[in-house]
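Please keep the structure in view while reading.

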Amino acid sequence: MASPQLYLTLAKSFFQRNNPVETLVMGTVQGIYNLVTLKSRMKLLKYRYMLETQKLERIEKTLNEFNPYENRGAKMHRTF
């Protein structure tokens, strides 16, 4: 059986590496920060979504301009 001193040393080194109090405090601070900045991050995400949607629409428009097939709904019809 190992000595209690060894167990105390191992526990001490574990808590020095993985401080549960510091982890709890940092998690709380990060959660509060996320709640405070939620609205501005949502605005940024809406803006990014709008830009990506516009890019996709531009690409689809360009592809359909030079496409010999016309896209109507879910079917492709040949235009003569």
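## Surface and burial

Accessible areas here come from the Shrake-Rupley method with a 1.4 Å probe. On that basis the chain, which is a predicted model, exposes about 7,900 Å², and carbon and sulfur atoms supply 65% of this area. Buried residues make up 1% of the 80 residues in the chain, where buried means under 20% relative accessible area.

## Secondary structure

The chain comprises three helices and two strands, and, read from the N terminus, these elements follow the order α-α-α-β-β.

## Salt bridge

One salt bridge is counted in the model, and it joins the side chains of K55 and E52, with an N to O distance of 3.3 Å. Both partners belong to helix α3, which spans residues 38-65, and they are three residues apart, about one turn of the helix.

## Aromatic pair

The structure contains one aromatic pair. The ring centres of F14 and F15 lie 5.3 Å apart and the ring planes stand at 75°, so the pair is edge-to-face; the cut-off that this assignment needs is an angle over 60 degrees.

Conventions:
Residues are numbered from 1 along each chain as its sequence is written. This is a predicted model: local features need pLDDT of at least 70, side-chain atom pairs count only at pLDDT 80 or more; totals for chains, interfaces and linings use all residues. Side-chain values use heavy atoms; hydrogens and water are left out. A salt bridge is a side-chain nitrogen of Lys or Arg within 4 Å of a carboxyl oxygen of Asp or Glu. Helices (H or I, at least four residues) and strands (E, at least two) are DSSP runs, numbered from the N terminus. Rings of Phe, Tyr and Trp (its six-membered ring) pair if their centres lie within 6.5 Å; planes under 30 degrees apart count as stacked, over 60 as edge-to-face and the rest as tilted. Buried means under 20% relative accessible area, exposed over 50%, partly exposed in between (1.4 Å probe, protein chains only).
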